[in-house]
Amino acid sequence: MRKLRIEKHPILNFEKERKKIHFTFNGHPAFGFEGDTIASALHALGVKKLSHSIELKRPRGFYCAIGNCSSCQMTVDGVPNVKTCITELKAGMEVKVQTNKGELYDK
Amino acid sequence: MKGEKNMKPKFIKKDELIVVGQRGSSFETGAIWQKFLDLYDKFGIFEQISKNELYKVRLINGKKFDVHFGMLTANKRQSPFYKMLNIPAFEYAVFEVALAKGYDEQIVEIEEWIKNDEKYEQGRIEGTRFLIEHYGVKYKEDDFDNSVIEIMMPIVEKED
């Protein structure tokens with residue numbers, strides 16, 4: 001299995017145990033850790049496709065990671081176009097891949 | 001016909017399943033999942049069957065559906081904070097769905113398969129269509145690329 005989460009680093013200290021946070025991704029259970037962004041948690045789980053291009057529906061993934069490019073826009077708790085690379089992961093979030101410009105759904 | 005490609009389920013019979021968990025709208029799956037885990041940490045499950053295996057039941061009402069997240073037990077008496085779901089004995093068509101190949105898309109294909117099948121129709125609990133997602137040993141919570149979920153479609157023979 002490929003480990004995408006950095007656990008040891010020559011300068012930064014990742015040894016402190018962080019709280020596990022549970023959320024759902026496209027309806028199935030997923031987890032990250034306290035301090036993760038949504039996109040970093042998904043990246044660590046091996047998720048590559050975060051959204052689709054509006055025009056040609058091509059898959060879009062983790063790219064700029066600083067909230068500029070909109071490649072990571074997803075629907076979070078029913079709110080579309082959330083830039084997941086700069087949005088902190090919270091317990092119980094519902095995260096979905098977005099396939100269009102984004103629609104507010106009727107609960 | 002759409003929904004018939006690569007559809008090779010295995011057929012199994014299951015006795016009554018008692019799923020202890022939490023339930024709510026499919027728009028709140030994250031919150032339901034978290035609520036269930038909080039309760040599980042606090043109360044555990046009395047006479048739990050198969051630890052680390054999770055069941056998510058979709059209770060379908062038209063285009064919307066509720067989800068019931070939980071685990072199996074042999075005992076119907078549990079903490080009153082849980083919600084219980086009793087699924088009577090059914091025959092299931094079981095499909096293996098690889099998360100890496102797209103989870104939602106494959107469930108849509110399975111739903112198409114049952115709609116188009118000549119012999120079977122989808123089973124119901126008290127008139128409500130349902131579908132079980134089984135997160136078992138092939139589901140690796142830290143590696144979606146290599147995770148497989150079992151989709152259990154309850155089937156009953158069509159009446160002439």
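**Chains A and B: terms and values**

Mentor: The contact between the chains takes 19 residues from chain A and 20 residues from chain B. The model is predicted: local features need pLDDT of at least 70, side-chain atom pairs count only at pLDDT 80 or more, and totals for chains, interfaces and linings use all residues. Residues are numbered from 1 along each chain as its sequence is written, while chains are lettered from A and ligands numbered from 1 in the order in which they are written.

Trainee: What makes two residues count as in contact?

Mentor: Their C-beta atoms, placed from the backbone, lie within 7 Å. Strands S1 (20-25) and S2 (28-33) of chain A each give two or more residues to the side that touches chain B. Strands here are DSSP runs of E, at least two residues; helices are runs of H or I, at least four; both are numbered from the N terminus.

Trainee: How do the residues on that side of chain A divide?

Mentor: Into nine nonpolar, eight polar and two charged. Ala, Val, Leu, Ile, Met, Phe, Trp, Tyr, Cys and Pro count as nonpolar; Asp, Glu, Lys and Arg as charged; the others, Gly among them, as polar.

Trainee: How do you know that S1(A) and S2(A) pair?

Mentor: Pairing needs at least two DSSP bridges between the strands. S1(A) and S2(A) have six and run antiparallel, so they pair by that definition. One bridge joins A:Thr24 to A:Pro29 in S2(A).

Trainee: Why are S2 and S6 of chain A said to stand at the edges?

Mentor: The open sheet has the order S2-S1-S7-S5-S6 in chain A, with mixed pairing. S2 and S6 (79-83) each have a single partner strand, so one side of each lacks a neighbour in the sheet.

Trainee: What packs on this sheet?

Mentor: Helix H1 (residues 29-43) of chain B, touching S1, S2 and S7 (94-96) of chain A. Its direction makes about 140° with that of S1(A). Angles run from 0 to 180 degrees between N-to-C directions; axes are lines fitted to C-alpha atoms, for helices over the stretch in contact.
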